[in-house]
Amino acid sequence: MAQTVVVTSGKGGVGKTTTSAAFASGLAQRGYRTVVIDFDVGLRNLDLVMGCERRVVYDFINVIHGEARLQQALIRDKMLENLYILPTSQTRDKDALTTDGVARVMEELQTQFDYIVCDSPAGIESGALRALYHADAAIVVTNPEVSSVRDSDRILGILAARSKRAEEGAEPIREHLLLTRYAPKRVQGGEMLSLDDVQELLRIPLLGVIPESEVILQASNQGIPAIHMQGTDVALAYKDVVARFLGEERPLRFVQPEKTGFFKRLFGG
Amino acid sequence: MNATPTKSTLRLSGGVFTLSILRLTHASAKTLQAELAAQGPALRLVQGAAIILDLTDIDPSLSLPFSEWLTILREAGCFPIGVRNVSDEQAEAAAALGLPHLRGSDAKAASAPPASNTAAGSVFSQPLRSGQRQYARGGDLVCLGAVNAGAEVLADGHVHVYGPLRGRALAGVQGDESARIFCQRLEAELVAIAGVYMTLDAEHPLWGKAAQVSLDGEHLHIIALEN
Ligand SMILES: Nc1ncnc2c1ncn2[C@@H]1O[C@H](COP(=O)(O)OP(=O)(O)OP(=O)(O)O)[C@@H](O)[C@H]1O
Ligand SMILES: [Mg+2]
């Protein structure tokens, strides 16, 4: 049976799609058969970030409406052979995701994969609810700012009350905090909330911290998930995230401001 | 007859909503108006909200001032959208004003963690998160974890919060002036007792401290919880 992981946030633009792509790629690198699904109907960003937009013929919505078989809509990743993308439609609206339809597709995916990663749309409405409904675990993507933390809190409440697990009275969804776009210098300057602040407010286990980095933009422009950007901080940070998710211990990095130049270090800053 | 049927643009779908229920205990429009005026802040909770009028406590043979109620409630900022627990005659009068008769049952707040409810009150062991709201009817409300910013706890009796209190807490919401609020860490957005409320910020001398809130006449008193 597959494990279903939702990447969610409430607030928009915090890094869900970036994280879904990197995290799913990381699981596949570790040898797990993984599928990543775009639940953001109407926007369709995941295929761009995964660099497979030109190969989309059928999508999630077509499968739900019986216009295509699941196998026709699944796109194999260009870099990892055990990673598949289930893209969404850009022309339909959110109502095209029916509860029953999603349940049927999830059930079919269950038998074929080890991990199902769901890239949630922003907000707390139907689209986000559908994305989190089947989850066994949740990655709550949060930026170090008050509004993002508030929305994450809101989503945590919804995870605890509105998911399938909650409705059936099963074990609650495993909750993981992922702090993204973290700029230690700006935290030090008091412009951003610190990791401690965010943890104190949300009180769920920390999965990792992804630094703010231009590499993310370069990666998404090239259609390469950030975890493949060899030797960069963000790639290393996302690898740590995957390792921790799989139960391995990894010390936190990229949470201190970078050491400044040689001379500063020599003469003391 | 048109041979080519045009495609309908109407779409009907179902949805489940949580609504507030206002239970009226008397048939007089004047009393309602007076009570609304007296309730003040407690009623802010339903501002802009759709509400159902529950008439359980009202004699089913009475003819009711639905039209006046509607005016008063709308003026108070809420939107009655239906009635329940009414006699057939009352339902008919309500329906004539666009208030359908609803037969739903009270639901436990759908988006809130489970509570253990006993005669002594309600105990929540999960944190209450932004957007969640809990009401302990007829007793105390105890929250073992945090009440986060944007969450709201209400009780007819006392409110006790053993984690940080960062949201809103309202005790004695039915008017019990002896109700109090106790918290381990006072960082609340708002505290209220029997309708007397106060907003707080980090300037407050007891901010972040263990404190209790009580009502003395018109004023809220916040003092440190000694231990
Ligand atoms: N660690 C990071 N450093 C710098 N930029 C980042 C980082 N993570 C994400 N971004 C940028 O932030 C923007 C939003 O990212 P992304 O699309 O992943 O967010 P999202 O949460 O999926 O948004 P939406 O809510 O619209 O679906 C993108 O331009 C992305 O390049
Ligand atoms: Mg996205």
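Helix H1 of chain A is the biggest contributor to the shell around ligand 1, giving three residues. Keep in mind that this is a predicted model.

Who else is in that shell? Of the elements in chain A, helix H1 (16-29) and strand E8 (206-211) are the ones that supply two or more residues. The shell has 15 residues, and the ones that come nearest to ligand 1 are Gly13(A), Lys16(A), Thr17(A), Thr18(A) and Arg181(A).

| Residue | Protein side | Ligand 1 side | Distance |
|---|---|---|---|
| Lys16(A) | side-chain N or O atom | oxygen atom | 2.8 Å |
| Thr17(A) | side-chain N or O atom | oxygen atom | 2.8 Å |
| Pro211(A) | polar backbone atom | nitrogen atom | 3.0 Å |

So much for single contacts; what about the ligand as a whole? Taken alone, ligand 1 exposes 630 Å², and the protein buries 81% of that area. As for where it sits, ligand 1 takes up the space of the second largest pocket.

Over to chain B, where the domain assignment gives two entries: domain 1 covers 20-105 and domain 2 covers 115-224. How far apart are the centres of domain 1 and domain 2 of chain B? Taken over C-alpha atoms, the two centres are separated by 28 Å.

Key: Residues numbered from 1 in each chain as written. Chains lettered and ligands numbered in written order. Predicted model: local features only at pLDDT ≥ 70, side-chain atom pairs only at ≥ 80, totals over all residues. Heavy atoms only, no water. Domains from an automatic or database assignment. Near = heavy atom within 4 Å. Polar contact = N/O pair within 3.5 Å; in protein donor to acceptor, adjacent residues only side chain to side chain. Areas by Shrake-Rupley, 256 points an atom, 1.4 Å probe, with all protein chains shown as cover. 1 Å grid on protein atoms, 1.4 Å probe; cavity = no way out; pocket = protein on both sides within 12 Å on 5 of 7 lines; lining within 4 Å. Sits in = over half its atoms within 2 Å of the grid points. Helix = DSSP H or I, 4+ residues; strand = E, 2+ residues; numbered from the N terminus.
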